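Please open the model in a viewer and keep the selection panel at hand.

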Amino acid sequence: MYVRRDTEGRIDQVSREADADCTEFVAADAPEMLAFLGGDGDAPAPAALQASDLELIRVLEDLVEVLTDKGVIRFTDLPEAAQKKLLGRKDLRASTQRLNLVEDDEGLL
């Protein structure tokens, strides 16, 4: 997860993707993230579990892409519903990356 901090250094905004406001990466299970999301650090808050699920979804998407690129599986081996969801997510990620390239040129050398 990417965060924005207030003037006192506390997390005040969280995003799944890096953007102009949320640039610092913090693990979803980090104590300060759990505190921000309402967890007490001992048991993950539902929001922390959801954030972790979202990160895992990205990992699974990448895994499917690697397996298909290496020829271990064919994309068409997946159920049609899974194919549609993966293609939809891929299109969304591509359009988001195009927007980020235009907006986020800070920090380039």
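A pocket, as the term is used here, is an open set of grid points with protein on both sides within 12 Å along at least five of seven lines; its volume is the space filled by probe spheres set on the points. The model on display is predicted.

**First stop: a pocket.** Select Glu-61, Glu-65, Phe-75, Leu-86 and Lys-90, the lining residues that lie nearest the centre of the second largest pocket. This pocket has a volume of about 280 Å³, and its lining comprises 13 residues. Next, colour helix 2 (46-69) and helix 3 (80-103), the elements that give two or more residues to that lining. Helix 3 gives the most, with seven residues.

**Second stop: an aromatic pair.** A search of the whole structure finds one such pair. Select Tyr-2 and Phe-25: their rings are edge-to-face, 5.5 Å centre to centre, with 70 degrees between the planes. Tyr-2 belongs to strand 1 (residues 2-5) and Phe-25 to strand 3 (residues 24-25), so the pair ties together parts that are 23 residues apart in sequence. Tyr-2 counts as partly exposed, at 25% relative accessibility.

Select Ser-15, in strand 2 (residues 11-15). Beyond residues up to four places away in sequence, Ser-15 touches Met-1, Tyr-2 and Cys-22. Ser-15 has a relative accessible area of 16% and is therefore buried, the cut-off being under 20%. Finally, display the backbone oxygen of Glu-17, which lies 2.7 Å from a polar atom of the Ser-15 side chain.

Note on methods
Residues are numbered from 1 along each chain as its sequence is written. This is a predicted model: local features need pLDDT of at least 70, side-chain atom pairs count only at pLDDT 80 or more; totals for chains, interfaces and linings use all residues. Side-chain values use heavy atoms; hydrogens and water are left out. Rings of Phe, Tyr and Trp (its six-membered ring) pair if their centres lie within 6.5 Å; planes under 30 degrees apart count as stacked, over 60 as edge-to-face and the rest as tilted. Helices (H or I, at least four residues) and strands (E, at least two) are DSSP runs, numbered from the N terminus. Buried means under 20% relative accessible area, exposed over 50%, partly exposed in between (1.4 Å probe, protein chains only). A polar contact is a pair of N or O atoms within 3.5 Å; within protein, one must be able to donate a hydrogen and the other to accept it, and residues adjacent in sequence count only if both atoms are side-chain atoms. Contact means heavy atoms within 4.5 Å. On a 1 Å grid over the protein atoms alone, a cavity is a set of points where a 1.4 Å probe fits but cannot get out, and a pocket is an open set with protein on both sides within 12 Å along at least five of seven lines; lining residues have an atom within 4 Å of a point.
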